[in-house]
Structures are given as structure tokens and as C-alpha cells.
Amino acid sequence: MKYLFLLVLLVSCSSGFVPTTDKCTIRKHIEDSVWQILQNGEPINKKWYLRTDAISKTKRLEKLNVCNWVGIEESH
Amino acid sequence: MIMKSFSILLLFFSFSSLSSEPIGEIIKTKGSVYKIVQGEEQRIEVKVGDKILEGDQINTLIKSFTKISLIDGSNIVVGPNSLFHIKELNVDQDKRQNKFDILKGKIRAKINTVKEGKDEILFNSRVVSIGVRGTEFLINSYDVKGLPSDDVALLEGKVNANLEKIDFPQNNIDLDPGQAFNSNKLSQTKSLDSIQTLSAEDLEYLKKNPESFLPELQLPSGEFRNFDKPLTSSASVSLPTAAVAVPISAIPVLAGAGSVAAASKVVAPKRKQKSGNPNTDKLLKDEPWDIRDAILNQAKLAKENECFYWFYKPIPGRGGLERFRREEACDDDDEDYE
């Protein structure tokens, strides 16, 4: 069973890594100095962070292949 | 059984039709004005011509205001940094039943007179409830040293103020045109002498400037404004020519989730901000305590892999959204991202 599992794992890994094309940005709250992470324009969760934390988190998401860090959204 | 099903269906449709019919319209705005639709967390920026529905909350930011025209011919001006809830608005040929909540900030209302029939209009601030009929008045709702403080001033007509929520010998008082009171002053003195009369100058100013507001009658120190000096000369009462320094005390965290879909441009992260702090454009001293505390301790906590996040939740019975802070590991990326 152990070898079967390893075989399955090797096969699935060797199928190729597909980099994401999703884009991540951060957007400031209208009133407060907290920021939300957006993936393709939509919030990834209901959490808001300090700006530097939001940027750090987004860069980690980039490493996890969740999305590509693009920049800060400006709201009008 | 069939009749029961029919009545339930009729009730459902009647409620649906009531809630989807506009009860007012935005006729003027300045600055940042939003509405929070009942049952939803998001707030939507409004502009002139936008319709208002029963149950909507109107939220204005600093240096902003809006004027709403209601279907009964009344007008309400919502002042800066305010949250105003149109709880109920029923207008028929022979009946009018309207209820409004002033959750914070300033409002100025001019209520149209209804000729006949049942007429019940209530404006509720946190500690005072005002019953009005064909009148023009102003309400301020704010905090002084963490406690609610509400002002009411009557320009025309008559109002009856319900004071059951404060410590005052009478449950109800009637105001005459030109009279004003502060809820804490009434509570402290327990005397009708606390109801004061606006000077002729102040009354004339407020009447002639239909978008002006009453300055807060209780100062952040807890003292009360002296009616002997004109109230409307120095304090900021009108927009948009505001040069005012109305003492706005620290209001409990009450913020809206800012999911306004207005972004259209992406820029690279800026390295330097006005305050020198990469987390905020405002000066640190202007930030609410929870954000200021997080910024000041950010570097120290990051060494221990501790970070903060915030979320917003509606508070039952209060309206609006309140901000909450929680801790988490800085590298906590264990989220189920779709």
C-alpha cells in the first residue's frame, strides 16, 4: 500500500506545475486604516489587516501559488 | 387550510412590496455618503437621485452630509459623521407612521404637516425619543466621556420628547419653538430649567440656513455650552463652508465594511506616507486606539509571529457595523481560498 501511495504521488506531481494567473491586490477600508486582500477583485476573506501585514500575506499567497501580487487598489 | 395559505401568501407579498418601494430620494450630497441596505453588511455610495428604501441606513463620513426627501413631503438632512436609520415609513391617505433612529451624529428634520388622520412620527436617539408632527427640529447624538449625550432643538412646530431612558422626574416633556435641551444636563439637574431657549440670533441663523446644525451642547470636558453666547458663531454648524471645530468626542468603534466596488486602478505600493508610518496616511494620534496600538507594537509582536486582524459585525439593536480586533499568527495562511 505504501508503494502504491508513493507511485500515485509521483505520477500526480510529475503532471506539471501550473502557475496561477489570479491577481491579488489590497484595498483600504473606507474609514479605517486597515486593508483587505482581494483576489481578482474579490475579497479572499472577511479579515482586514495593517497595510504591511496585508502586503506580507499577499506575497506569501504568491509563493503558495494562490495569486500574483499586483499592487494596491486605489478607490475613488 | 387553503385560506391560511392564501393569507400567508398575501402577507408575504404585501411585505415584499412595502420593502421594495422607494420611500425617499437623495436630493443633495456633499463628501462621502453611503447607504447600508437592511440585512446586508456592505455599504453603497449614494448620489443625487438615488432612491431610499424602508430599512436603509444612511452613513456620512466627516465633512460630508446628505439631504433626503421623503414621500410624505418631509426633508431630512443628515450631518457629518452620522448614522441614520429609516426604520419604518408608512404613509397612507389617512395614516402616517414613521420611525427613525439617530444612531450617531446630527440630523435636521423638517416634517411636513399632515392634514388629518392618524399621524405618528418618532425620532429615536440613544436616550431620547421625539414625537413630532409638522415641525422642524435638530438632533445631535454623540458621546461624552464614553456616555451617550443627545441634544434636541426645536425650530418650528411642536415636539414631545420621551425621556424614559434617562434619569428625569418626568417621562415626557413638550418643547416650544426655540427651545433646546441636552439629555445629560436634564439628567444631572433633574429640572425643567435645563431646557433653554436659543437666542434670537441663533434661531434666526438656524432657520435661514436649512443645512446648518446645532453644535454639540455638551463639551468633551463634560461642561455644557453657555446659551448666553451665540452658539452658531464659532462652532461649525454648516456645510460645505465648514471651518468648524465642533468638538467631536471619541465615538465607540462603529464602522462600516468598506466593500465599495469603486477601485479601477492598481498602483505599486507607496514607500513613504505623510505620517512616516507605512501603515497609515493619518497621523498616529488620529487613529482609533486599537489600530494605533497595533501599529505601535507591530514590530515587537512580529518577532513573536503575532499579528492582528480586524472584522466588522452588525450589532443587534444598534445598527451599523462595529469593528473587532483579533490576534493570529502572522504566517497563518491556512485559509480555504477559493
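**Close-ups of a predicted two-chain model**

**B:Gly222 is partly exposed, with 13 other C-beta atoms within 10 Å.** Burial is scored by counting other C-beta atoms, placed from the backbone, within 10 Å of a residue's own: 20 or more is buried, 12 or fewer is exposed, and anything in between is partly exposed. This is a predicted model, where local features need pLDDT of at least 70 and side-chain atom pairs count only at pLDDT 80 or more, while totals for chains, interfaces and linings use all residues. Residues are numbered from 1 along each chain as its sequence is written, with chains lettered from A and ligands numbered from 1 in the order in which they are written. B:Gly222 belongs to the loop between α3 (200-208) and β16 (265-267) of chain B; helices (H or I, at least four residues) and strands (E, at least two) are DSSP runs, numbered from the N terminus. Its C-alpha atom is 6.4 Å from that of B:Val144, although 78 residues along the chain separate the two. Setting aside neighbours within four places in sequence, B:Gly222 is in contact (C-beta atoms, placed from the backbone, within 7 Å) with B:Val144 and B:Lys145.

**Strand β5 of chain B is covered on both faces.** In this stretch, residues 57-60, B:Gln57 and B:Asn59 are buried on one side, and B:Ile58 and B:Thr60 are buried on the other. Strand β2 (residues 33-36) of chain B runs antiparallel to β5(B), and 4 bridges join them; strands count as paired once DSSP finds at least two bridges between them. Look for B:Ile36 opposite B:Gln57 here. β5(B) also pairs with strand β8 (residues 82-91) of chain B, again antiparallel and over 4 bridges. In that pairing, B:Gln57 sits opposite B:His85.

**The largest nonpolar core holds 49 residues.** Such a core is a set of buried Ala, Val, Leu, Ile, Met, Phe, Trp, Tyr and Cys residues joined through C-beta atoms within 7 Å. The members with the most contacts inside it are B:Ile107, B:Ile130, B:Phe137, B:Ile139, B:Val152 and B:Ala153. Strand β12 (residues 147-162) of chain B gives the largest share, 6 residues. Beyond residues up to four places away in sequence, B:Val152 touches B:Val128, B:Ile130, B:Phe137, B:Ile139, B:Ala161, B:Leu175, B:Ala180 and B:Phe181. A second, separate core of 23 residues includes A:Trp35, A:Trp48, B:Phe308 and B:Tyr309.

A:Asn40 has phi near 55 degrees, a positive value in a residue other than glycine. Its place is the loop between β2 (35-39) and β3 (42-43) of chain A, where A:Asn40 is exposed, having 11 other C-beta atoms within 10 Å. For B:Lys190, too, phi is near 55 degrees. That residue lies in the loop between α2 (183-189) and β15 (196-197) of chain B; B:Lys190 is partly exposed, with 13 other C-beta atoms within 10 Å.

Of the 76 residues in chain A, 37% are buried.

**Chain B averages a pLDDT of 77.** This score is the predictor's confidence in each residue, from 0 to 100, and 77% of the residues in chain B score at least 70. Over residues 6-18 of chain B the pLDDT is below 50, and this stretch has 1 contact beyond near neighbours in sequence. Residues 234-265 of chain B are also below 50, but have 80 such contacts in the model. The model scores ipTM 0.79 and pTM 0.53.

Technical notes
Two residues are in contact if their C-beta atoms, placed from the backbone, lie within 7 Å.
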